[in-house]
Amino acid sequence: MKINEHYLELEDSYLFSTVARKQREYQQAHPEKKVIRLSIGDVTLPLAPVVIKAMEDAVKEMGSKATFRGYGPEQGYDFLREAVQAYYQGHGVSLDVDEIFISDGAKSDLGNLLDIFSLDNTVMIPNPVYPVYQDTNIMLGRQVIYAEAGEENGFLPLPDPAVKADIVYLCSPNNPTGAVYSREQLAAWVDYAKKNDAVILYDAAYECFIRDDETPHSIFEIEGAKECAIEVCSFSKTAGFTGTRCGYTVVPMALVSGGTPLNHLWLRRQTTKFNGVPYIVQRGAAAVFTEEGQMQVREAVDYYRENAKIMVDGMKKMGIWFTGGVNSPYIWMKCPGGRTSWEFFDYLLENAGVVGTPGSGFGRNGEGYFRLTAFGDQAETREAMERMIALLS
Ligand SMILES: *Cc1c(COP(=O)(O)O)cnc(C)c1O
């Protein structure tokens with residue numbers, strides 16, 4: 001046998017393990033100091049009561065012969081697909097239930113979607129960005145080019161008509177930069193995709209952090225996007241499902257290549273290689289879309305949004321350049337004093353006892369930048385900002 005040698009081309013990621021090790025070493029050397037982590041890339045608030053109740057009821061159903069469920073539909077139960085459909089309708093997007101696929105989260109779908117595309121496609125990935133897009137393509141040996149993000153474009157790269165790509169990844173609100181595309185900017189990408197016969201893989205994992213009326217929650221709010229985009233979303237950040245696992249992917253019927261609807265390929269892929277999300281979890285996810293559920297998950301998102309605002313106010317006070325923090329749980333700040341990302345990491349840990357994530361871990365354009373997250377405790381977030389202001393003002 002031979003292994004897939006493309007795996008050997010992957011760069012080892014030491015980002016989060018190094019962050020954890022440095023924090024541990026500092027804490028051991030200074031046991032009296034309270035370290036505050038603004039590096040948490042995971043939700044910390046528990047599941048909403050309606051979600052717990054729905055899952056408890058579903059567990060009981062599984063314990064009775066009359067209501068027990070075995071294999072479900074691979075693409076998800078209709079009760080959940082219809083709830084997702086109604087949620088999109090709330091943003092003015094009409095979808096057919098068959099265009100919605102329930103998944104065990106965005107990460108697996110983002111990687112698995114690549115099954116339905118030819119290996120000779122060129123892939124365009126923003127830099128910096130969530131590392132999954134790049135690594136899943138390297139594993140398959142696909143050629144990757146970058147959409148360069150930086151201070152000059154507010155970390156929101158726009159299409160370059162001279163550069164040709166077949167598959168384009170977009171993530172908005174973005175991880176790690178917190179930057180969010182406007183309607184006009186998304187329209188420019190849709191226009192590019194249609195002109196180049198490309199597909200946009202749109203990661204909307206943080207859409208629920210958007211609270212103004214102008215910013216689109218979905219790429220399908222842009223005219224023509226159904227002919228050129230697939231959207232991947234998740235209950236992870238919107239409803240605290242990071243450990244519970246549920247998401248959804250929308251593949252519109254209007255997205256067609258050489259007469260073949262991509263929806264049919266994805267359905268075939270999923271029914272062959274995936275056996276659905278647990279009934280119990282899907283019941284919990286459906287509860288998120290009830291009126292009560294929406295109120296309860298909104299409360300958790302509001303808490304994180306308030307943390308983000310505390311950090312935004314701190315950045316403004318210190319006069320530090322940053323993106324994000326408004327419709328997003330991430331703050332992406334420029335490292336003061338011209339430091340590299342890791343130099344600033346060490347400086348902040350040693351002098352303020354605050355841990356963040358070095359931007360260089362998200363791509364070469366992240367060098368010199370630093371990510372703070374809003375998923376921590378509110379009193380701690382406040383204290384961390386006070387310490388940073390004292391150190392950096
Ligand atoms: C957290 C996150 C996701 C969600 O992944 P799940 O597998 O659904 O937990 C997707 N995309 C980005 C950019 C993320 O940061």
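## Ligand shell

By class, the residues of the shell around the ligand divide into six nonpolar, four polar and four charged. The model is a predicted one. The ligand is surrounded by 14 residues, and the closest are Asp203, Tyr206, Ser234, Ser236 and Lys237. Two helices, α4 (106-112) and α7 (235-239), each contribute at least two residues to this shell.

A backbone N or O atom of alanine 106 is 2.7 Å from a ligand oxygen. In the side chain of tyrosine 206, an N or O atom lies 2.6 Å from an oxygen atom of the ligand. For lysine 237, a polar side-chain atom is 3.3 Å from an oxygen atom of the ligand. On its own the ligand has 390 Å² of accessible area, and the protein covers 93% of this.

## Annotated positions

An unreviewed UniProt entry lists Tyr71, Ala106, Lys107, Tyr130, Asn175, Tyr206, Ser234, Phe235, Ser236, Arg245 and Asn275 under "binding site". These positions span 205 residues in sequence, and their farthest two C-alpha atoms are 34.5 Å apart, so they do not all gather at one spot.

Tyrosine 206 sits in the loop between β6 (199-203) and β7 (229-234). Its relative accessibility is 3%, so tyrosine 206 counts as buried. Beyond neighbours within four places in sequence, tyrosine 206 contacts Pro173, Asn175, Lys237, Asn327, Pro329, Tyr330 and Phe375.

Asparagine 275 belongs to the loop between α8 (262-273) and α9 (279-288). With 44% relative accessibility, asparagine 275 counts as partly exposed. Apart from neighbours within four places in sequence, asparagine 275 is in contact with Tyr71 and Glu74.

How values were computed:
Residues numbered from 1 in each chain as written. Predicted model: local features only at pLDDT ≥ 70, side-chain atom pairs only at ≥ 80, totals over all residues. Heavy atoms only, no water. Near = heavy atom within 4 Å. Polar contact = N/O pair within 3.5 Å; in protein donor to acceptor, adjacent residues only side chain to side chain. Areas by Shrake-Rupley, 256 points an atom, 1.4 Å probe, with all protein chains shown as cover. Helix = DSSP H or I, 4+ residues; strand = E, 2+ residues; numbered from the N terminus. Nonpolar A, V, L, I, M, F, W, Y, C, P; charged D, E, K, R; others polar. UniProt positions renumbered as here; feature names shortened; annotations may be inferred. Buried < 20%, exposed > 50% of the residue type's maximum accessible area, 1.4 Å probe, protein only. Contact = heavy atoms within 4.5 Å.
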